[in-house]
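Welcome! Please take a look at the structure below, and then follow the short briefing under it, topic by topic.

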Amino acid sequence: MRWATASELLRLVHREPGITRRTAGEQLGLSSGTLAETVGRLRDASLLTETRAAAAGPGRPTTILEPHPRGPLVVVVELRARDWAVSSGDLAGHTTPVASGAIGDEPPARVLDEVATHVHDVLRASAGRVRAVVVAAAGTVSGTRLVQFTVRGWTDVELSVLAPEVTVLAGNDATLGGFAEAWTGAAREHAVALHLMVTEGLGGVLLVDGQPVRGARGRGGEFGHLPFGDPRLACPCGAHGCWGRTVDGEALARLAGHPRPTDPEGYARATLRTGERSAAVEDVAGALGAGIAGLVNAHDPDVVTIAGLAPLVRAAAPDAFARAYDRGLMLTNRDAPPPIRDSVHGDRGPARGALNLGFTHLTEPDALAEWAAEPARPAARG
Ligand SMILES: [Zn+2]
């Protein structure tokens with residue numbers, strides 16, 4: 001396991017961009033000899049570079065550990081309810097947008113074809129630096145299959161076709177958003193975190209020690225399809241009474257007596273931005289708070305993070321939200337309920353989590369050994 005310490009050091013640089021060599025060595029408990037050897041090896045393998053840190057306080061000067069300009073990259077593909085986006089990112093989380101477009105009513109094969117064209121452009125221009133493509137999808141994901149993409153009516157779509165020549169990983173957008181909060185966001189340093197994201201419907205994930213609890217087939221965390229809602233309401237997922245149908249833009253429109261919006265998320269953002277208190281907004285905030293209380297009773301997290309529309313819903317009707325949360329908690333949880341924090345990464349959470357997942361994969365000791373064994377890479381074009 002020659003690369004085990006190197007793996008830990010790279011993951012630390014990924015979690016804490018801008019960390020100095022000295023702090024990294026202290027945090028990992030490395031002797032100065034081991035630290036020097038590890039950094040040297042990572043530099044030789046084009047995985048890290050060092051720049052001089054501004055002198056701070058007494059002691060010998062140190063350096064900042066930074067991603068190598070010819071180091072590995074991850075391409076992130078977001079498949080959202082209505083559009084897609086491709087970006088690339090490095091070890092320090094610097095991202096570059098590549099392309100984006102609307103999904104519309106195109107069939108999955110046509111959309112994936114177009115996305116693959118842009119992915120391949122990045123792969124070609126990167127001169128071998130792109131080592132993984134990670135898809136964040138607004139649907140149920142199992143392995144690299146998009147099992148159900150309810151908002152677009154897609155079922156069972158294989159995502160590895162996006163880049164057969166490199167590793168393709170995939171995850172649900174809310175799961176990846178939670179992963180990002182646990183790694184570098186509002187759930188950092190928390191042992192058990194619950195993350196919830198409202199877009200069209202609601203998704204989420206329970207994270208234990210930063211790792212998502214995904215279930216046997218990777219499909220866990222579909223909290224929006226718990227029957228906390230109106231049992232008469234059918235959900236596109238096939239079930240009835242789904243909670244997600246009571247907390248999103250469609251619910252706001254239904255409760256306000258408006259027709260179903262063509263873009264429920266846009267409708268919700270516009271409605272919530274006005275800051276107007278209406279019975280519909282109060283009802284939706286109450287449904288959100290009560291459901292979160294149920295999940296807190298079930299999972300006993302030490303923090304809850306919310307993303308997407310959820311922070312806007314809470315901000316628009318904070319009293320209704322807080323009352324429903326409190327009333328839904330069991331007495332044993334009511335004395336010291338877990339805090340509910342707005343996500344740090346916001347709408348960038350799923351892409352950030354995809355990057356985290358990609359670099360978790362690329363910094364496995366085996367993957368590092370493989371990378372280091374390859375011939376030196378030419379400087380990237382473009
Ligand atoms: Zn459902």
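The protein chain in this predicted model is divided into three parts: domain 1 (4-67), domain 2 (73-176 + 348-373) and domain 3 (188-343). Taken over C-alpha atoms, the centres of domain 1 and domain 3 are 40 Å apart.

**The zinc site**

- Four residues coordinate the zinc ion, at 1.9 to 2.3 Å: His225 through ND1, and Cys235, Cys237 and Cys242 each through SG.
- Along the sequence, these donor residues follow the spacing H-x9-C-x1-C-x4-C.
- Histidine 225 and cysteine 235 both lie in the loop between strand S13 (211-212) and helix H6 (249-255), so the pair ties together parts that are 10 residues apart in sequence.
- The arrangement is tetrahedral because the four donor atoms around the zinc ion subtend angles of 103 to 114°.
- Histidine 225 counts as partly exposed, with a relative accessibility of 32%.
- Cysteine 235 has a relative accessibility of 11%, so cysteine 235 counts as buried.

**A look at glutamate 106**

- You can find glutamate 106 in the loop between strand S5 (95-102) and helix H4 (108-125).
- Its relative accessible area is 34%, so glutamate 106 is partly exposed.
- The side chain of glutamate 106 makes a polar contact with the side chain of arginine 110, at 3.2 Å.
- If you set aside neighbours within four places in sequence, glutamate 106 is in contact with Val111 and Trp154.
- From glutamate 106 to alanine 367 the separation is 261 residues in sequence and 37 Å in space, C-alpha to C-alpha.

Note on methods: Residues are numbered from 1 along each chain as its sequence is written. This is a predicted model: local features need pLDDT of at least 70, side-chain atom pairs count only at pLDDT 80 or more; totals for chains, interfaces and linings use all residues. Side-chain values use heavy atoms; hydrogens and water are left out. Domain bounds come from an automatic or database domain assignment. Donors are N, O and S atoms within 2.8 Å of the metal (3.2 Å for Na, K and Ca); water is not among the atoms, so sites may look incomplete. Four donors count as tetrahedral if all angles lie between 85 and 135 degrees; four count as square planar and six as octahedral if opposite donors are over 155 degrees apart and all others between 65 and 115; anything else is irregular. Helices (H or I, at least four residues) and strands (E, at least two) are DSSP runs, numbered from the N terminus. Buried means under 20% relative accessible area, exposed over 50%, partly exposed in between (1.4 Å probe, protein chains only). Contact means heavy atoms within 4.5 Å. A polar contact is a pair of N or O atoms within 3.5 Å; within protein, one must be able to donate a hydrogen and the other to accept it, and residues adjacent in sequence count only if both atoms are side-chain atoms.
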